[in-house]
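Thanks, everyone. Let's walk through this one together. Have a look at the model first.

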Amino acid sequence: MLPTDYRDCGYNDNMQSDFLAVEDLPEYSVLTGDSMRVLPSLPAECIQSCITSPPYWGLRDYAHPDQIGAELSPADYVNNLVALFQEVRRVLRDDGTLWLNVGDGYARNGGTGRHGPNAIVGNTKKLIQKRNCKVPDVWGLKDRDLMGLPWRVAFALQEDGWYLRSRITWVKKTPMPESVSNRPTTSTEEIFLFAKNQKYFYDRDGFREPTGANLRNFWTLGPDSNSNGHPAAYPRELARRCILLGSKAGDLILDPFAGSGTTGIAANELGRRAILIELNEDYVRSCRTRGEKVQRDLYSRQTA
Ligand SMILES: C[S@@+](CC[C@H](N)C(=O)[O-])C[C@H]1O[C@@H](n2cnc3c(N)ncnc32)[C@H](O)[C@@H]1O
């Protein structure tokens, strides 16, 4: 049985099929809801590439009971991501790819001051605060241990059948300031390239080094200058590169953690179609507003 909270996605209860008719969806579709519930409504093997960044464990509160990233244990977070990406693998074409940006974090214990584990991040308090700053009892974690979450997720996905093909280091031009004196400031994140099968579509000419050489696996990127109201948006250029390398014009791109819709916008600008899934209604609105603007811009360019 399909959930009923799909809006603006072309689905209605009278449709014969149990799956969404993805070929009838607009170029830029935003589906509202929990990806774990929405993904099963997509037919198998319809997506060429999934480009996404799930919430990082224990960092932000996305104000929804079904959000990923608020699990009590980081081990449950890894398991939830594995389950979710099983659905992504089902909807990927046989030669499809997954480009996954995941961030790390530190296990913390104690402290109630204005800094450290109880510090206010943007408008939200760290979720860890709600857990009374208990270091999770898993993986031998101690106070202030780096959890190594990106690689834990990568290994779990590999074990689940994904082909792990590359680790790209995103070097941040303007990293978040950290008041630390006993370690370097964190200024990189991981982007993993996974394939559904051993042979997969990868267009090495889609994006090259300025010298013409094969693209290297570290990308120095700054944040986008125009604010889109999302606290954790990745740069459009990051999505653009993954799309250029992982798909052809006309292909369907998926982002099951859409946020402000960066992946969908980059996809449309490059002549690909996009399906975005987002849980938080405010971000769904932001996704739609940004998508409509891109559609208008593309239309006026075509008709100019
Ligand atoms: C790191 S942000 C993605 C930001 C996005 N890449 C951008 O550039 O705007 C992760 C998003 O996933 C959403 N989210 C969390 N759990 C979800 C779930 N179970 N299903 C769908 N979306 C979810 C959050 O609301 C948040 O907006």
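Buried residues make up 37% of the 304 residues in the chain. Keep in mind that this is a predicted model. The secondary structure comes to seven helices and ten strands. Now the contacts with a separation of 6 or more. Of these, 70% are between residues 24 or more positions apart.

Next, the core. The largest nonpolar core has 58 residues. Which residues have the most contacts inside it? They are Val88, Leu98, Phe194, Leu254 and Leu276. Helix H2, residues 74–91, gives the largest share of this core, six residues. In soluble globular proteins, nonpolar side chains tend to be buried together.

Take Leu254 from that list. Leaving out residues up to four places away in sequence, Leu254 touches Ile47, Cys50, Val88, Val91 and Ile275.

On to helix H5, residues 236–246. Why call H5 largely enclosed by the rest of the structure? Because eight of its eleven residues are buried. The buried ones are Leu238, Ala239, Arg240, Arg241, Cys242, Ile243, Leu245 and Gly246. Two arginines in a row are on that list, Arg240 and Arg241. What do the buried residues of H5 pack against? Five strands are involved: E2 (47–52), E3 (92–102), E6 (163–172), E8 (218–221) and E9 (252–255). Helix H6 (262–269) is a partner as well.

Stay with H6 for a moment. Ile265 lies in that helix. Buried or exposed? Ile265 has 24 C-beta neighbours inside 10 Å, so it counts as buried; the cut-off is 20 or more. Ile265 touches Arg236, Arg290, Gly291 and Val294, again not counting residues up to four places away in sequence. Its C-alpha is separated by 8.8 Å from that of Cys287, 22 residues apart along the chain.

That takes us to helix H7, residues 281–303. H7 has 23 residues. From first C-alpha to last, H7 reaches 33 Å, close to the 33 Å expected at 1.5 Å a residue. Its buried residues are Tyr283, Val284, Ser286, Cys287, Arg288, Arg290 and Gly291. They pack against strand E1 (28–32), H6 and E10.

Last, the ligand. There are 23 residues around the ligand, and Ala233, Phe257, Gly259, Ser260 and Thr262 come nearest. Which elements give two or more residues to this shell? Helix H1 (35–38) and strand E10 (273–278) do. By type, the shell divides into twelve nonpolar, eight polar and three charged residues.

That's the tour. Over to you.

Definitions and conventions. Residues are numbered from 1 along each chain as its sequence is written. This is a predicted model: local features need pLDDT of at least 70, side-chain atom pairs count only at pLDDT 80 or more; totals for chains, interfaces and linings use all residues. A residue is buried if 20 or more other C-beta atoms lie within 10 Å of its own, exposed if 12 or fewer, and partly exposed in between; C-beta atoms are placed from the backbone. Helices (H or I, at least four residues) and strands (E, at least two) are DSSP runs, numbered from the N terminus. Two residues are in contact if their C-beta atoms, placed from the backbone, lie within 7 Å. A residue is near a molecule or strand if its C-beta atom, placed from the backbone, lies within 6 Å of it. Ala, Val, Leu, Ile, Met, Phe, Trp, Tyr, Cys and Pro count as nonpolar, Asp, Glu, Lys and Arg as charged, and the others, Gly among them, as polar. The expected span of a helix is 1.5 Å times one less than its number of residues. A nonpolar core is a set of buried Ala, Val, Leu, Ile, Met, Phe, Trp, Tyr and Cys residues joined through C-beta atoms within 7 Å.
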